[in-house]
Amino acid sequence: MRFSTELCLTATFALSTLATPVMEKRATPTIYLAGDSTMANKGANDGATDGWGPYLSKYVTVPVVNKAVGGRSARSYTNEGRFTEIANLVKSGDIVVIEFGHNDGGSPTGANDNGRSDCGGTGEETCKSGKDGSTVYTFGHYVKAAARTYIAKGATVVVSSQTPNNLWEGGSFGSGAPRFVAYAAQAGRELGNGASFVDHFQAVANAYKKLGNAGTNALYPKDHTHTSPKGADLSAQAFAQAIKVNLNGTTPIAPYLKAGNPTVW
């Protein structure tokens, strides 16, 4: 899908400058999820795999609205207006979890730009799409622009790092994290008040290390990225446990965890 320079700029500007008055705080918050197929319902759309988002409601006491869409990156989710769609729904007191990274790699400057790759860098660097000349921003820019929109409405944001690929794929455990894990952590820090970070990658990696080679490989029926429903549930459990033990500090989800959630690492 082609996007003009004006469209990209308009989408990013709308997220960073949306002036919506803070609304009355909900008595019970809603958790909104923004992400890709690893979070989306039936990410591979075949029943063999699933995203972890649909399982989060098993481990929290508040409603969860899953807005994750397969194949999206922080850039394409922005340009398609999906962050803005959530902004139009959230109210003061709600919580938004933002998790991208699987589709954000590559370079947008080539003629075959896929519309998903972010500009390199961790700040406000920009580059031009080699396909249509539109302005492309960094991963951190897209995440922080969306987050600031939600915070301005009185919501809080959890920036979550991407889930790992199969860390036992080669028969031995490999824990190296993609660069977008560090980018997510940096975005969470730079947002300051109203935002927190959860290293979902590390939480799931901990669970995989405990589960072992055979058990982890059994969770990947088709490829090394998309898990079975059982694996998706494990990712949700690992996320909830990371919040419970304050893996990366406190998050606004902590008060809404169910008692007796599984310990998976």
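**Entry 1: a helix over the sheet**

Across which strands does α5 lie, and at about what angle does it run to β7? I looked this up in what is a predicted model. I found α5 lying across β6 and β7, and its direction makes an angle of about 155 degrees with that of β7.

β6 and strand β7 (residues 195-198) are parallel partners, joined over four bridges.

**Entry 2: the whole sheet**

Next I wanted the strand order. Five strands make an open sheet, and reading across it I get β2-β1-β3-β6-β7, with parallel pairing. Which strands stand at the edges? They are β2 (64-66) and β7; each has a single partner strand, so one side of each has no neighbour in the sheet. I also wrote down the twist, which averages 20 degrees from one strand to the next.

A reminder to myself: strands of a sheet pair through backbone hydrogen bonds, in either a parallel or an antiparallel way.

**Entry 3: β6 and its other partner**

I went back to β6 to see its other side. Strand β3 (residues 95-99) pairs with β6 in the parallel sense, again over four bridges. Valine 96 has valine 157 in β6 as its bridge partner, and isoleucine 98 stands opposite valine 159.

Is β6 enclosed or open? I counted four of its five residues (156-160) as buried, so the strand is largely enclosed by the rest of the structure.

**Entry 4: β1**

How many of the five residues of strand β1 are buried? Five of the five are, across residues 31-35, so β1 too is largely enclosed by the rest of the structure. I checked the faces separately.

**Entry 5: charged pairs**

I turned to the salt bridges and counted six. The general idea is that side chains of opposite charge can pair when their charged atoms come close.

Which residues are linked in a network of salt bridges? I found Arg72, Glu80 and Arg82. Glutamate 80 reaches arginine 72 with the closest N and O atoms 3.0 Å apart, and glutamate 80 also meets arginine 82 at 2.5 Å, N to O. Glutamate 80 is partly exposed, with a relative accessible area of 30%. Arginine 82 is partly exposed as well, at 22%.

Another pair I looked up is lysine 144 with glutamate 190, whose side chains meet in a salt bridge at 2.4 Å, N to O. Lysine 144 sits in helix α4 (residues 139-152) and glutamate 190 in helix α5, so this pair ties together parts that are 46 residues apart in sequence. Lysine 144 counts as buried at 5% relative accessibility, whereas glutamate 190 is partly exposed at 39%.

At what angle do α6 and α8 pack? Helix α6 (residues 200-211) and helix α8 (residues 229-244) pack at about 115 degrees, with their axes 8 Å apart. I logged their crossing as right-handed. On the α6 side the contact residues include His200, Val204 and Tyr208, and on the α8 side they include Leu234, Ala238 and Phe239.

**Entry 6: overall figures**

I closed with the totals. The protein has eight helices and seven strands. Of its 265 residues, 51% are buried. Among contacts with a separation of 6 or more, 71% are between residues 24 or more positions apart.

Definitions and conventions:
Residues are numbered from 1 along each chain as its sequence is written. This is a predicted model: local features need pLDDT of at least 70, side-chain atom pairs count only at pLDDT 80 or more; totals for chains, interfaces and linings use all residues. Side-chain values use heavy atoms; hydrogens and water are left out. Buried means under 20% relative accessible area, exposed over 50%, partly exposed in between (1.4 Å probe, protein chains only). Helices (H or I, at least four residues) and strands (E, at least two) are DSSP runs, numbered from the N terminus. Two strands pair if DSSP finds at least two bridges between them. Axes are lines fitted to C-alpha atoms, for helices over the stretch in contact, and angles run from 0 to 180 degrees between N-to-C directions. Contact means heavy atoms within 4.5 Å. A salt bridge is a side-chain nitrogen of Lys or Arg within 4 Å of a carboxyl oxygen of Asp or Glu. A crossing is left-handed if the near helix is turned anticlockwise from the far one by less than a right angle, and right-handed if clockwise.
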